[in-house]
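Colleague: Could you take me through the strand pairings in this model, slowly and step by step? I am new to this, so please point to the residues as you go.

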Amino acid sequence: MISPQTIEQITNRIDIIDVVSEFVKLKKRGANYLGLCPFHNEKTPSFTVSPAKEIYKCFGCGKSGNTITFLMEHEKYSYAESLKWLAQRYNIEIQETEVSDETRIVQQAAESLHALNNFAQKFFTEQLLQTEEGQGYALTYLEERGYDVQIIEKFQLGYNPQARNVFASAALQQQFSKEILLKSGLVVERNEELFDNYRGRIIFPIHNTTGKIIGFGARVIGKADKAPKYINTPENEVYVKSKILYGAYFARHSIDKNNECLLVEGYTDVISLHQAEIDNVVASGGTSLTADQLRIVKKYTNNLTIIYDGDAAGVKAAMRGLDMALEEGLNVKLVLIPDNEDPDSYVKKVGTSAFKKFIDAGKKDFILFQLEILLKEAANDITKKNDAVNQIAESLSRINKAEDFTRRNAYIHECAAVLKIDENGLINLVNKYINDRITKQEKSKPSAEETTETSVVEKNDDLFFHPDELQEKNLLRVLLEYGLNDWDSNMTIAAHIFKELDQFRFDNADMAVLYEVYKTQYEQGFNPSAKTLLYHENERVRTLVINVTLFPFELSRRWDEKLENIKVNNVDTSVQDVILSLNYFKLHKIKKMFEENQRDIELTKNWNEMLKLLEIHKYLKATEREITEQLGTVIMK
Ligand code: ZN
């Protein structure tokens, strides 16, 4: 975990305008900045950024948040990745809080691998572009295949020389350990000697979605005789094959903008299409898609178009794993590249605009495409046709999210027509598959206890508060806003609030957490405020902080009017605001205790207990009166 000190350093440096401007064109309007919302399509700007509050809000689609949530939403970073991005931008060194030994070992290995991969990429690129062997052998080969230098540099291609250990010795000289070198797959060990593993090959660095190099693909030059055409990095701490979509880093903004992801098989397909300015394209590496890969696509778009070479094996491979895509709610289309071409060769042959036209015209819906193939295979065989109906019904049953209901019905209608079968019959069959799967899932469901945690989170997930919690929210507002100001010459407003609330507690679980987080940080000597807590690691805390600072008065107009009365004189109202907030908070809690006490009085049959309850009753009444009077004087002032 990133330490609170580092987070504080980062948050002190954050300039929301500077960060958002990287991605959105902003214009100054009064105290705020205005731009076209990056999260929904609009012609007139309603995306507002407040530098003072360090938050943004779109009045069109309602999206709101801080610099971190902006990066998470727009760049699809995780919370920690966003902080790291900011730290890098502001040259802040990240300190991590203590982690387990196991985690530390993994982290250290990952860091060493990243450092080595970085070094290796630079080394290989230099070999390709600046040595005689690289230029004469590898670069010529790439140029003959139609790649220009700009695209070679963009994808950071390289070359590993043919001699036994040029790279290995360069890396050892840089103090990379033998262990890490072996782990990276860049070198192999034979007779206690290290050899380059990718000798005489073109090197394709593989980036993760944040642009870090996690591994390499190495291709033979020319025809491969006995050696495999490609060698890839073995699985290690940073290279996990099932989570990689080659080119995703370079394609991500274009996928977002085009609202479509094109999927091809190989590295060279991706690079050629980018060179042809078709840049919303990634490669799966040829195997069937994994759930993790689909999740990467889904971060940017719901429309996946798979481009395949025309051979049957490729199509079959494509169809495996696609049921999963349907479950994820993706719209999957397929395009077949004709005449034994692949996307790489085809785009070079016909050019950019013809290629785009071909894709648009040739796109076939996955379900209907599957149906077509199955029917062709079945021909007049009744049993095979029956199998086809079942397989299609199975696929259709995967489209099972509430929002996809219409889409499934449209499919059923269309498929029934193509199959020349009764539509209701097909509906029944699809429902049977859905029921079968539900029954199966029920059986393997975790016990109730295991699921409670998530359901609590979901339940709390609304931004609306029960009226009971208004006072709690208001108190948190003054704490965040004025906590660090002086209450008097002895203590801060925060310290005063802690003292006053010693006997009281928060009822709303989230607000209780925020209060405790603030208190703990304050007592540990940090300076918590709305700004620093906007970047807290707990998402519920962050959401609540935004919530509290964004809508300070809207929930209580009466309150606002009272404060307005005070504000007329244009003096610092923080102390009055604190007194009001504290008193309303207490008053509310006391009323609640009062009601509870009243109920106990009515229920008790024990005389002694009754006396005790009556004492409490008296005490609560007196406190209530005291507070009401104090409220009166504050308001009168
Ligand atoms: Zn919007």
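Modeller: Happy to! Start at Leu262, whose bridge partner in β13 is Val281. This is a predicted model, so keep that in mind as we look around. Strand β12 covers residues 261–264 and runs parallel to β13, with three bridges between the two. Now widen the view: β12 and β13 belong to an open sheet of five strands, ordered β13-β12-β14-β15-β16, and its pairing is mixed. At its edges sit β13 (281–283) and β16 (364–365), each of which pairs on one side only. In general, the strands of a sheet are paired by hydrogen bonds of the backbone, and they may be parallel or antiparallel.

For the antiparallel case, move to β9, residues 201–207, which pairs with β10 in that sense over seven bridges.

Next, follow β10 itself, which spans residues 213–220. How many of the residues of β10 are buried? Eight of its eight are, so the strand is mostly covered, where buried means under 20% relative accessible area. Strand β10 also pairs with β11 (residues 230–232), again antiparallel, through three bridges. Here you can look for Arg219, whose bridge partner in β11 is Tyr230.

Notes
Residues are numbered from 1 along each chain as its sequence is written. This is a predicted model: local features need pLDDT of at least 70, side-chain atom pairs count only at pLDDT 80 or more; totals for chains, interfaces and linings use all residues. Side-chain values use heavy atoms; hydrogens and water are left out. Two strands pair if DSSP finds at least two bridges between them. Helices (H or I, at least four residues) and strands (E, at least two) are DSSP runs, numbered from the N terminus. Buried means under 20% relative accessible area, exposed over 50%, partly exposed in between (1.4 Å probe, protein chains only).
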